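Trainee: I have a new structure to look at, and I would like to learn how to read its features. Could you walk me through it?

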Amino acid sequence: MAVGFITAKLRGVGAGADRVLSRLIFNVFLPAMLFATLAQADVHGVFSLTALVNIVQAIMLFVAFYLLAVKVFQLRDGTQTIMALTASYTNVGNLGVAYLAVTTGHPEAGAPIILFQMCVMAPFSFVLLERQTNRGSVSVLREVARAFTKPPIVGLLFGLVCALIRLAGVPIMLPALIQMPLTMVVDATVPLMMIALGVSFGLERLPRLTREFLPMYLAVLGRVAIGPLLSWLLALAFGLPAPAVLTAVIVGCFPSANNVFIYAQRYGAGIETARDGVALTTILSMPVVLIVVALLG
């Protein structure tokens with residue numbers, strides 16, 4: 001991260017370099033990492049109580065902040081849904097995988113959260129946003145189907161298929177011509193993600209600190225502070241062992257997903273809340289992760 005940050009500040013890269021790196025990671029490196037990791041993972045360990053903790057946490061945050069947006073701030077026309085998503089819908093499919101790999105060594109723990117967000121939270125949010133913005137022309141089924149064609153999801157699903165085949169007792173061996181470059185790409189994924197994050201911080205401009213953005217600030221607080229605390233309490237209530245507690249809380253620290261900003265743009269609702277919320281949670285999530293590792297690691 002420091003390498004990326006310093007490079008950006010010294011103008012070693014130009015404007016938009018973080019977006020170029022992110023696209024490269026999204027289309028090449030992350031799919032390879034998800035495939036390689038999940039293909040060798042224990043399926044029972046992936047879909048575990050730890051995943052359930054974070055799914056319950058996401059649902060609780062969404063409901064709580066949706067009610068807060070409607071009852072307290074009286075937000076309407078889809079902005080209430082965007083506020084709830086900013087607090088609950090996380091960047092697990094990109095930055096979150098890097099956090100898990102660095103702190104726990106188990107990036108596959110993000111797989112069930114990716115599937116839950118893609119198959120449950122996103123379609124449900126589309127239905128709400130369509131009704132709230134009167135944009136019935138957007139096809140929920142088409143949006144969900146399109147999500148399954150994204151490279152990280154393709155890599156994840158192929159990895160799960162390989163893991164299930166191994167579970168059935170059928171060994172899978174990739175030829176060296178594929179395995180060697182795959183291993184090289186996988187080994188470079190997390191360092192490249194960290195460099196891209198540092199570049200992004202170096203180029204980022206902080207959102208305005210004005211009173212009218214109070215709903216956004218509360219959503220950010222929910223994402224980077226209430227989320228980890230709630231994950232910790234749920235993990236203790238579920239009786240998870242110490243390593244699983246750390247994993248659950250790290251997942252609870254993930255920043256808001258860029259998808260939230262895309263949804264806000266598409267439906268024309270809560271665009272500033274989503275944009276600034278994603279930026280702030282991305283910046284604040286790293287010190288929160290460091291604190292969590294210091295306390296629980």
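This is a predicted model: local features need pLDDT of at least 70, side-chain atom pairs count only at pLDDT 80 or more; totals for chains, interfaces and linings use all residues.

Trainee: Which residue forms a salt bridge with D276?

Mentor: The general idea is that side chains of opposite charge can pair when their charged atoms come close. Here the partner of D276 is R275, and their closest N and O atoms are 3.1 Å apart. The cut-off for a salt bridge is 4 Å.

Trainee: Let's turn to the surface. Which residues form the nonpolar patch?

Mentor: The patch is made of L229, W232, L233, L236, I291, L295 and L296, and together they have about 670 Å² of accessible area. Two elements give two or more residues to it: helix 11 (214–237) and helix 14 (271–296). Helix 11 gives the most, with four residues.

Trainee: Where is L295, and how accessible is it?

Mentor: L295 sits in helix 14. Exposed means over 50% relative accessible area, and L295 has 68%, so L295 is exposed.

Trainee: Now a helix. How many residues does helix 9 have, and how far does it reach?

Mentor: To read a helix, compare its span with the one expected at 1.5 Å a residue. Helix 9 covers residues 151–167, which is 17 residues, and from first C-alpha to last it reaches 24 Å, close to the expected 24 Å. Its buried residues are P152, I153, G155, L156, G159, L160, C162 and A163.

Trainee: What follows helix 9?

Mentor: Helix 9 is followed by G169, a residue with a positive phi, near 95°.

Trainee: One last feature. How much space lies in the second largest pocket, and which residues lie nearest its centre?

Mentor: That pocket holds about 240 Å³ of space. Its lining has 13 residues, and those nearest the centre are G45, S48, H106, E108 and A109.

Trainee: Which helices supply at least two residues of that lining?

Mentor: They are helix 3 (43–46), helix 4 (49–72) and helix 12 (242–252). Helix 12 gives the most to the lining, with three residues.

Notes:
Residues are numbered from 1 along each chain as its sequence is written. Side-chain values use heavy atoms; hydrogens and water are left out. A salt bridge is a side-chain nitrogen of Lys or Arg within 4 Å of a carboxyl oxygen of Asp or Glu. Patches are made of residues with over 30% relative accessible area and no salt bridge: like charges are joined within 9 Å, nonpolar side chains (Val, Leu, Ile, Met, Phe, Trp, Tyr) within 5 Å. Accessible areas come from the Shrake-Rupley method with a 1.4 Å probe; for residues, only the protein chains shown count as cover. Buried means under 20% relative accessible area, exposed over 50%, partly exposed in between (1.4 Å probe, protein chains only). The expected span of a helix is 1.5 Å times one less than its number of residues. On a 1 Å grid over the protein atoms alone, a cavity is a set of points where a 1.4 Å probe fits but cannot get out, and a pocket is an open set with protein on both sides within 12 Å along at least five of seven lines; lining residues have an atom within 4 Å of a point. Grid points are joined across faces, edges and corners, and a volume is the space filled by probe spheres set on the points.
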